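Welcome! Have a look at the structure below, and then let us walk through a few of its features together.

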Amino acid sequence: MLPSRMPAVRDASIVKIAVEALAAGFLPQLIEFDQRQPLTSIINDICNSWNIEDSHNYSLKFTEQSNKGYVTEKNRCGVKNGTVLKLNYSATKTVTDFLEIFRNGSVIEQAKCLQKLASLSSDITFAIEFINKSGLDLLIKMIEDEKCIGERLEYALRSFGELMDHGTVSWEILSDAFVNRNIAAISNSSNSPHPIPPHLIASSLSILENVVQNSSRYALVERSVTFDTLLKLLREQNPNIQQNTIALINALFMRADEAKRKIIASTFSTKQYRSTLLDSCVLNAQIGKEMTHQLSVLQSLTLGMLEPRMNDRNVDADAQEKIKELRRIAFENESVENDSATAQRNKGPQQQQHYKKLGFKYDVNPAQDFMESSLLALDCMIYFARNQTQMYTKVVHENSCRSDEYECPFGRTSIELVKLLCDILKIGDDSFSNRDQFHPMFFTHDHPFEEFFCVCCVALNRTWKDMQAKNEDFSKVIDVVREQIIKSLETRPRDFESFRQKMAEFSYAKITELRYQKWVDRKECESTASAIIALKEKLRPEIMSIIREQRLGFLVEGTKFSKFNRGVRAKDKFWYVRLSSNYKVLHYGDCDEKTVPLHEELKNELRVSDMRQLLKNKDCPHVKEIKKLTTLFSIVYEDNSESKTLDLVAPDEISFNYWVDGIACLLGLPMESKQMKEDFETLLSIEIKLRLLDTEGVDISKEAPEIPPEPEDYEFNFEG
């Protein structure tokens, strides 16, 4: 018997691909692409087969919808079996041709060339070549030229923005003339005799935002861009213009000094500006992720103006008058201000009694309460007294009529409530990169924080009454109110009336019910019996295996990560990272906000076998650029005996926990995230309940369930 023929060993370095020609008339080639062969040699072979001379003027390009960049020695690993490449002019030749047209071509030729430049500039290979050959300098001069208008200016600005997004050139290279040209583009959008393309306005806004953030010419933008201009741009129906306008407002806000910040905040708190923001952006049903982020930053910046007042403990003459006014409004019907000698003698003790009824800790000198807290609390209290006088007096007098033991001290609770609200809204926290939530109701009022306080103050007093709380229950009441506020805000009420209704729904009884249910669920799975402890230990490996599979499945599905440029979150720039289904390779690459790329579309690879270490947060190399975030992690890997890192910032804490757990599994390390512990306890609780069902008198069938009848056919359609 003859021995069977052994199958040929496949060379993993050789992939079979197709190559299309630049010009028509050439049949596509099917070739074997050897990853070990230099690209210049491969291109030379392709050109020879088509009888194309000067092969040094040609390069290969990807043809996928999400990647049309040049194939280089760095990214050639993205060429897989079945990849279709296209033979095209090299970046060097293309840049040379473009520059010649920019210098000597006609206006029509330049317009066509700029349109191509706008699409090519996103490719880093082309961008570096263009910049190195002084193309960026020429482009800047072209934009500064007043004769450059219409489509030429539109594509020139888009090209400039794409080139600068690579972060290889400083924004300090720009001249005043260049900045003024962009300012003119957004300022004259409604008065121009010729219609200005929306993409041109959006590009100019994006450029000005970067100038404000990264250039010393911020002052020029700050002087020249008026509030009226920004208001008109917010009223535009183009979402990109609205989004970039808010981004520019945020940039101006962050760079401004304290005095200018107050002007910006007060201006955008007026009804005219708030209504425009509310109608055009906030209540838009199709609001995108980037717009949500920009609105969240704007809201944080506006509320952040309260921080100085939150930290101010200097009780001046104005503050003293406000304290007296609180007493006068609450007790104006009591005659303490008459001219009788007896009244004058009793005036001091009576005032002290009033301050005690107002709930101040130091009734002799209530100013001391604010010296130990902040004047923001006083501002909120006087706002409540002046603008909701009836409710204010009702709250004060209801409490003053109770016995001292059950009295809800208005002054003390108001001070603690303000601290609580500042904590919930993160006032004083200036980390904006991961802000992805905003509250629409704060755009509906001139004094949103004070109005927020009024609603919560009434709810606090109602909760105190429902709990029949005593003075020693103070912290317990505050904890309940915190839960009420957080749960109400999670429903994203559109106005303060809706928020007031939600606070009423989450009454003390409802919170108690929710807490009790949570306690019952926890207690059911808690036991100190030795048999239960032994059962838990027996179940541990199985549950850990389930969590491991879930984490790796999450990595296989992939996650979209925001890109950061010099510590600032890059707008509309994302990574997508996913693990191969065999858990051996990590694929990653660029993507946009709306699409989820496939494995084949992610051109970068990191083999699990090359991974060496997982770093988190403060241990990450990029923590110096991206501060005050807690979702940073880095994968240390080995590349040609050189240690490198893949640095990522997770979009949220859950994704961060899943990724660090998943990478730990791949490295053979234990999973240690907080989410893993929660998941383990949850799954263990469920499994324990199932195992102990029979102890509750429920009979578990010892027989297998009946097998259902076979279907008529097996032509099932599974969507992957």
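Keep in mind that the model is predicted. Two packed helices are described by the angle between their axes and the distance between those axes, and you will meet both values below.

**The sheet**

- Four strands form an open sheet in the order E2-E1-E4-E3, and their pairing is mixed.
- Which strands lie at the edges? They are strand E2 (29-34) and strand E3 (58-62), each of which pairs on one side only.
- From one strand to the next, the twist averages 45°.
- Strand E1 (residues 14-20) pairs with E2 in the antiparallel sense, over six bridges.

**Helices H2 and H5**

- Helix H2 (residues 91-104) and helix H5 (residues 135-144) have axes that come within 11 Å and cross at roughly 30°.
- Angles under 35 degrees count as roughly parallel, so H2 and H5 are roughly parallel to each other.
- The crossing in which H2 passes H5 is left-handed.
- On the H2 side, the contact is made by Leu-99, Phe-102 and Arg-103, while H5 brings Gly-135, Leu-138 and Met-142.
- Sorted by class, the residues of this contact of H2 with H5 are four nonpolar, one polar and one charged.

**Helices H22 and H23**

- Helix H22 (residues 448-467) packs with helix H23 (residues 474-489) at an angle of about 130°, and their axes are 10 Å apart.
- H22 and H23 are therefore oblique to each other.
- H22 passes H23 in a right-handed crossing.
- Residues of H22 in the contact include Phe-452, Leu-460 and Trp-464, and those of H23 include Phe-474, Val-477 and Ile-485.
- The contact of H22 with H23 has twelve nonpolar residues, along with two polar and one charged.

**A closer look at Arg-181**

- You can find Arg-181 in helix H7 (residues 176-187).
- Is Arg-181 buried or exposed? Its relative accessibility is 10%, and buried means under 20%, so Arg-181 counts as buried.
- What is Arg-181 in contact with, leaving aside its neighbours within four places in sequence? Its contacts are Ile-143, Glu-144, Asp-145, Glu-146, Cys-148, Ile-149 and Leu-153.

Technical notes:
Residues are numbered from 1 along each chain as its sequence is written. This is a predicted model: local features need pLDDT of at least 70, side-chain atom pairs count only at pLDDT 80 or more; totals for chains, interfaces and linings use all residues. Side-chain values use heavy atoms; hydrogens and water are left out. Axes are lines fitted to C-alpha atoms, for helices over the stretch in contact, and angles run from 0 to 180 degrees between N-to-C directions. Helices (H or I, at least four residues) and strands (E, at least two) are DSSP runs, numbered from the N terminus. Angles under 35 degrees count as roughly parallel, over 145 as roughly antiparallel, 65 to 115 as roughly perpendicular and the rest as oblique. A crossing is left-handed if the near helix is turned anticlockwise from the far one by less than a right angle, and right-handed if clockwise. Contact means heavy atoms within 4.5 Å. Ala, Val, Leu, Ile, Met, Phe, Trp, Tyr, Cys and Pro count as nonpolar, Asp, Glu, Lys and Arg as charged, and the others, Gly among them, as polar. Buried means under 20% relative accessible area, exposed over 50%, partly exposed in between (1.4 Å probe, protein chains only). Two strands pair if DSSP finds at least two bridges between them.
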